[in-house]
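Colleague: Hi! Could you walk me through this one? I'm new to reading structures.

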Amino acid sequence: MSLRFHEIAESGHRILNPFTAEKLTLLGEVARLAPGMRQLDLACGKAEMLCQWSLRHGIEGVGVDISEVFLHAAGERARELGVEDRVRFERGDAGAHRADPGAFDVVSCIGATWIGGGLEGTVKLMLPALKEDGVLLVGEPYWLSEPPAGAYEAFGAGPADFTSLAGTFDRFEAAGVEVLEMVLADPDSWDRYVAGHWWTLSDWLRDNPADPDAAEVRAFLERERRSHVEYGRRYLGWGVFVLRRR
């Protein structure tokens, strides 16, 4: 999905992953956040996580994202929640971002491990910014069961891109980190994320019939609907994993 399609589809979302607000709250609790901690969020999107956790737990944060649209929404959300003095945002390639070594208690990349060419590469690029006793938060898809060939095509994934939940743990181990905790999406949270796109995209198509990208947006909407009900709910899982150095 192009960045523009991503921005259109998620214009009505605050959380840009298959997580509900309740799961986001739970993740903050299991990550053992405390006032004064600093978090770096790579590919932060609209930064709902940073803003909510700053409000709830008193943390400070830096969010990095390539989308000017999402960062504008992040700034508005920070002001709405009254945390603009504790969080700030930078526009840029999250995979190329270089923070001061050991500057953060938490480094996160939630659902965007493409920034490091996959799970292991993303973990390795996150580690330098992390304090010695800090934690990583990584959001990643995994297969619930062996998918048919059509599922790979539907999600634009190759057989090596994702693996099983146990295989995901193996990849973390290979990257030099251990799993301390996890919060997983469920079918309802997947529905709220993916199905939440459909009405937004349909409205956009009604409002913008002459847009040069309209045909591609309509094809994307039709593919996403079909892939979710045919493959996603049965085969595709997603979760955020709390990690630290082994």
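Modeller: Happy to! Helix α3 is mostly covered, with seven of its 10 residues buried. Keep in mind that this is a predicted model.

Colleague: Which residues of α3 are buried?

Modeller: They are E48, M49, L50, C51, W53, S54 and H57.

Colleague: And what about helix α2, at what angle do α2 and α3 pack?

Modeller: Helix α2, residues 21-30, packs against helix α3, residues 48-57, at an angle of about 60°. Their axes are 11 Å apart.

Colleague: What do you call that arrangement of α2 and α3?

Modeller: Angles from 65 to 115 degrees count as roughly perpendicular and those under 35 as roughly parallel, therefore α2 and α3 are oblique to each other. The crossing of α2 past α3 is right-handed.

Colleague: Which residues make the contact?

Modeller: On the α2 side there are L24, T25, L27, G28 and E29. On the α3 side there are E48, M49, W53, R56 and H57. Sorted by class, this contact of α2 with α3 has four nonpolar, three polar and three charged residues.

Colleague: Okay, next helix. How do the axes of α3 and α4 cross?

Modeller: Helix α4 covers residues 68-81, and its axis crosses that of α3 at roughly 15°. The two axes come within 9 Å. That angle makes α3 roughly parallel to α4, because angles under 35 degrees count that way.

Colleague: Is the crossing of α3 past α4 left-handed or right-handed?

Modeller: α3 passes α4 in a right-handed crossing.

Colleague: Which residues in α3 and α4 meet?

Modeller: From α3 you have E48, C51, Q52 and L55, and they meet A74, R77, A78 and L81 of α4. By class, the residues in this contact of α3 with α4 are five nonpolar, one polar and two charged.

Colleague: Now the backbone. What is phi like in G58?

Modeller: G58 follows α3, and its phi is positive, near 75°.

Colleague: Which residues other than glycine have a positive phi?

Modeller: A43 is one of them, with a phi of about 60°. A47 is another, with a phi near 60°.

Colleague: Where are A43 and A47?

Modeller: A43 is in the loop between β1, residues 38-42, and α3. A47 also lies in the loop between β1 and α3.

Colleague: And are they buried or exposed?

Modeller: Buried means under 20% relative accessible area. A43 has 18% relative accessibility, so A43 counts as buried. A47 has 1%, so A47 counts as buried too.

Colleague: Changing topic: where is H228?

Modeller: H228 sits in helix α9, which runs over residues 214-235. Its relative accessibility is 4%, so H228 counts as buried.

Colleague: What does H228 contact?

Modeller: Leaving aside neighbours within four places in sequence, H228 is in contact with W190, D191, V194, W198 and R233. With D191 there is also a polar contact of 2.8 Å, joining the two side chains.

Colleague: Last one: where is F241, and is F241 buried or exposed?

Modeller: F241 is in strand β7, residues 236-245. At 0% relative accessibility, F241 counts as buried.

Colleague: How far apart are F241 and D133?

Modeller: In sequence they are 108 residues apart, and in space F241 and D133 are 16 Å apart, C-alpha to C-alpha.

Key. Residues numbered from 1 in each chain as written. Predicted model: local features only at pLDDT ≥ 70, side-chain atom pairs only at ≥ 80, totals over all residues. Heavy atoms only, no water. Axes fitted to C-alpha atoms, helices over the stretch in contact; angles between N-to-C directions. Helix = DSSP H or I, 4+ residues; strand = E, 2+ residues; numbered from the N terminus. Parallel < 35°, antiparallel > 145°, perpendicular 65-115°, else oblique. Left-handed = near helix turned anticlockwise from the far one by under 90°. Contact = heavy atoms within 4.5 Å. Nonpolar A, V, L, I, M, F, W, Y, C, P; charged D, E, K, R; others polar. Buried < 20%, exposed > 50% of the residue type's maximum accessible area, 1.4 Å probe, protein only. Polar contact = N/O pair within 3.5 Å; in protein donor to acceptor, adjacent residues only side chain to side chain.
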